[in-house]
Amino acid sequence: KLKEQFERREPERVYLAAVHGHPTPEAGVWKDLLEWDQEELKQQSAEEKTRFTKQATSRYRVMEKFARASLVEIRLVTGKRNQIRIQAGLRGHPIVGERMYVYDPAPEPKIEFDRQALHAWKLGFKHPTDQRPMSFEAPLPADFKALIERLKKMRS
């Protein structure tokens, strides 16, 4: 029953990401066609709908702006592999620490971070047997918190 909820896209899945730059508008919906590239072994943006493409949809909002970056909340509508990483990168705002899904022109100067600054923050769904609402929240890891503090101190 839990799997069925995910197939129907019912659970709330909320992420936090530190991205390069400032997405505009500050809130909205990202919609893209994605397909798995068997040769590259990674998800790719697709130009047209085929039997291999999947719609990827996320709702986002900028929570805080810094000189060279933003903290963004992303709510998944769909859930494709690497979806958030690709969608942010396609819009010129790759996730801080991203190495794979950075498109030209890459942001300069690059903000260094040892991993993608992406965090699965909240998950909500109905209990599979009694339908009771379940909600879970994971606090930001220490390295992500330290990144946010560093971003607050950066100058343009």
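Predicted model: local features only at pLDDT ≥ 70, side-chain atom pairs only at ≥ 80, totals over all residues.
Biologist: What is the strand order of the open sheet?

Modeller: The sheet has 7 strands in the order β3-β2-β4-β5-β1-β6-β7, and the pairing is antiparallel.

Biologist: Which are the edge strands?

Modeller: They are β3, residues 42–45, and β7, residues 133–137; each of them pairs on one side only.

Biologist: How are neighbouring strands of this sheet turned against each other on average?

Modeller: The average is 30°, with direction ignored.

Biologist: Over how many bridges do β2 and β3 pair?

Modeller: Strand β2, residues 27–37, pairs with β3 over 4 bridges in the antiparallel sense. Glu35 stands opposite Gln44 of β3.

Biologist: Turning to the helices, which strands does α2 lie across?

Modeller: Helix α2, residues 83–90, lies across β1, β2, β3, β4, β5 and β6, and it runs at about 115° to β2.

Biologist: And which strands does α3 touch?

Modeller: Helix α3, residues 142–153, packs on the sheet and touches β1, β4, β5 and β6. Its direction makes about 40° with that of β1.

Biologist: What span should the 12 residues of α3 have, and how far apart are its end C-alpha atoms?

Modeller: At 1.5 Å a residue, α3 should span 16 Å. The end C-alpha atoms are 17 Å apart, which agrees.

Biologist: Which residues of α3 are buried?

Modeller: Phe144, Leu147, Ile148 and Leu151 are buried in α3. Viewed down the helix axis, the buried residues of α3 fall within an arc of 100°, so they line one face of the helix.

Biologist: Why would residues three or four places apart point the same way in an α-helix?

Modeller: Because an α-helix has 3.6 residues a turn.

Biologist: What covers the buried residues of α3, and which exposed residues are on the face turned away?

Modeller: The cover includes β1, β5 and β6. The face of α3 turned away from its buried side carries Ala142 and Lys153, which are exposed.

Biologist: Back to β5: how many of its residues are buried?

Modeller: In β5, 7 of its 8 residues are buried, and the strand is mostly covered.

Biologist: How many bridges join β5 to β1, and how many to β4?

Modeller: β1 and β5 run antiparallel and are joined by 7 bridges. β4 and β5 also pair in the antiparallel sense, over 7 bridges.

Biologist: How many residues lie between β4 and β5?

Modeller: There are 3 residues between them, and the two strands form a hairpin.

Biologist: New topic: how many salt bridges does the count come to?

Modeller: The count comes to 10 salt bridges.

Biologist: Which residue forms a salt bridge with Lys65?

Modeller: The partner of Lys65 is Glu26, with the closest N and O atoms 2.9 Å apart. Lys65 lies in strand β4 and Glu26 in the loop between β1 and β2, so the pair ties together parts that are 39 residues apart in sequence.

Biologist: What relative accessible area do Lys65 and Glu26 have?

Modeller: Lys65 has 44% and is partly exposed. Glu26 has 41% and is partly exposed as well.

Biologist: Which residue does Glu73 meet in a salt bridge of 3.2 Å?

Modeller: The side chain of Glu73 meets that of Arg61, N to O. This pair links distant parts of the chain, with Glu73 in strand β5 and Arg61 in strand β4, 12 residues apart.

Biologist: Is Glu73 buried or exposed, and why is it classed that way?

Modeller: Glu73 is buried because its relative accessible area is 6%, and buried means under 20%. Arg61 is partly exposed, at 37%.

Biologist: Which residue forms a salt bridge with Glu73 at 3.3 Å?

Modeller: That residue is Arg75, with 3.3 Å between the closest N and O atoms. Arg75 is partly exposed, with a relative accessible area of 30%. Glu12, Arg61, Glu73 and Arg75 are linked in a network of salt bridges.

Biologist: Lastly, where does Arg9 lie, and which residues does Arg9 touch?

Modeller: Arg9 lies in the loop between α1 and β1. Not counting residues up to four places away in sequence, Arg9 touches Val77, Thr78 and Lys80. Arg9 counts as partly exposed, at 44% relative accessibility.

Key: Residues numbered from 1 in each chain as written. Heavy atoms only, no water. Pairing = 2+ DSSP bridges. Axes fitted to C-alpha atoms, helices over the stretch in contact; angles between N-to-C directions. Contact = heavy atoms within 4.5 Å. Salt bridge = Lys/Arg side-chain N within 4 Å of Asp/Glu carboxyl O. Buried < 20%, exposed > 50% of the residue type's maximum accessible area, 1.4 Å probe, protein only. Expected span 1.5 Å × (residues − 1). Arc of directions from axis to C-beta.
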